[in-house]
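Student: Can we go through this structure together? I'd like to ask things as they come up.

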Amino acid sequence: MNISNTIYQILVNEWGHQKWWSNSSKFEIMISAILTQNTSWERVEKVIDKLKKNELLKIQLLLNLSNDELEEIIKPVGFYRQKTMYIKQMCKTLTHKFDGSIDNLFKTETSKLRLEMLKWKGFGPETVDTILLYAAKRPVFVVDTYTRRLMNRHGWSNQNDDYDKLAKKFTVDLGYDRRVFEELHALIVHLGKVYCRKEPICNKCPLSYLLTNQVSA
DNA sequence: GTCCAGGGCCTAC
DNA sequence: GTAGGCCATGGA
């Protein structure tokens, strides 16, 4: 048992499966991944609901909106000008390079697909990996602020470990199991929201006992 | 009034 | 190549 697996077991016992985006379309997941950048999920949900209600969750329909119109809709998530530009550019790329089909995009092999999306403006490693994992169903682990904070605070990683090093550790430790990746990323986010936002380590946290039991990375 | 949220881009050194 | 500033809203 390694630390990644131990964390997963503890958290899934505590809170069960999170089932993020279990009933969402690929396009909805891609839009959500952009909208959620540095923003709370509750805001994103409201905007996604609004888009659904107005039946706008389609590539061509979003392209038909003016920038002003889209900005107005997504305003509550913050950074709305940038995010409007990112969404528009993504829709244009999907239309012109992939014949308007996300399935065409997802025909690409994982590492090439990752490099392709990393070229898109507004698509950094976390956003791309979120899409790869939850929309394209690839075994890619998502590292976010909560993951870094968790690993650093407990001494399971170094401050200067970069994104890929941390992702690789989880990927290998968890045996390339995409379903475990989906759940653990969601569970770590949940953990981060509930506990330990400010204090270095919170003794109410379900993982706190790992410290006293000297579990090593 | 201050802090922060499921990041990423751009610029200056 | 990397640290720091910037993007922006709204709830706690």
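Student: Where does Glu55 lie?

Tutor: Glu55 lies in the loop between α3 and α4 (59-64). Helices here are DSSP runs of H or I with at least four residues, strands are runs of E with at least two, and both are numbered from the N terminus. Before going on: this is a predicted model, where local features need pLDDT of at least 70, side-chain atom pairs count only at pLDDT 80 or more, and totals for chains, interfaces and linings use all residues. Residues are numbered from 1 along each chain as its sequence is written, while chains are lettered from A and ligands numbered from 1 in the order in which they are written.

Student: Ok. Is Glu55 buried or exposed?

Tutor: Glu55 is exposed, because it has 8 other C-beta atoms within 10 Å. A residue is buried if 20 or more other C-beta atoms lie within 10 Å of its own, exposed if 12 or fewer, and partly exposed in between, with C-beta atoms placed from the backbone.

Student: And what is the phi of Glu55?

Tutor: Phi is positive, about 50°, although Glu55 is not a glycine. Trp21 is another residue other than glycine with a positive value, near 55°. Trp21 is found in the loop between α1 and α2, and it is partly exposed, with 18 other C-beta atoms within 10 Å.

Student: Switching to helices. How do the axes of α2 and α9 cross?

Tutor: Helix α2 (residues 26-35) and helix α9 (residues 125-134) have axes that come within 9 Å and cross at roughly 155°. The axes are lines fitted to C-alpha atoms, for helices over the stretch in contact, and angles run from 0 to 180 degrees between N-to-C directions.

Student: What does that make α2 relative to α9?

Tutor: Roughly antiparallel. Angles over 145 degrees count as roughly antiparallel, under 35 as roughly parallel, 65 to 115 as roughly perpendicular and the rest as oblique.

Student: Which residues make the contact?

Tutor: From α2 they are Ile29, Met30, Ala33 and Ile34, and from α9 they are Thr127, Thr130, Ile131 and Tyr134. Two residues are in contact if their C-beta atoms, placed from the backbone, lie within 7 Å. By class, the contact of α2 with α9 has 6 nonpolar, 2 polar and no charged residues. Here Ala, Val, Leu, Ile, Met, Phe, Trp, Tyr, Cys and Pro count as nonpolar, Asp, Glu, Lys and Arg as charged, and the others, Gly among them, as polar.

Student: Tell me about Met30. Why does it count as buried?

Tutor: Met30 counts as buried because it has 26 C-beta neighbours inside 10 Å. Leaving aside neighbours within four places in sequence, Met30 is in contact with Met90, Ile131 and Ala135.

Student: What do the buried residues of α2 pack against?

Tutor: They pack against α3 (41-53), α5 (67-74), α6 (80-97) and α9. Those buried residues are Met30, Ile31, Ser32, Ala33, Ile34 and Leu35.

Student: What about the axes of α1 and α12, how do they cross?

Tutor: The axes of helix α1 (residues 3-15) and α12 come within 10 Å and cross at roughly 70°. That makes α1 roughly perpendicular to α12. The contact involves Tyr8, Leu11, Val12 and Trp15 of α1, with Val180, Glu183, Leu184, Leu187, His190 and Leu191 of α12. Those residues divide into 8 nonpolar, 1 polar and 1 charged.

Student: Where does Gly124 lie?

Tutor: Gly124 lies in the loop between α8 (110-118) and α9. With 12 C-beta neighbours inside 10 Å, Gly124 counts as exposed.

Student: And which residues surround DNA strand C?

Tutor: Around DNA strand C are Asn38, Thr39, Lys75, Pro76, Gly78, Phe79, Tyr80, Arg81 and Gln82. They divide into 3 nonpolar, 4 polar and 2 charged.

Methods. A residue is near a molecule or strand if its C-beta atom, placed from the backbone, lies within 6 Å of it.
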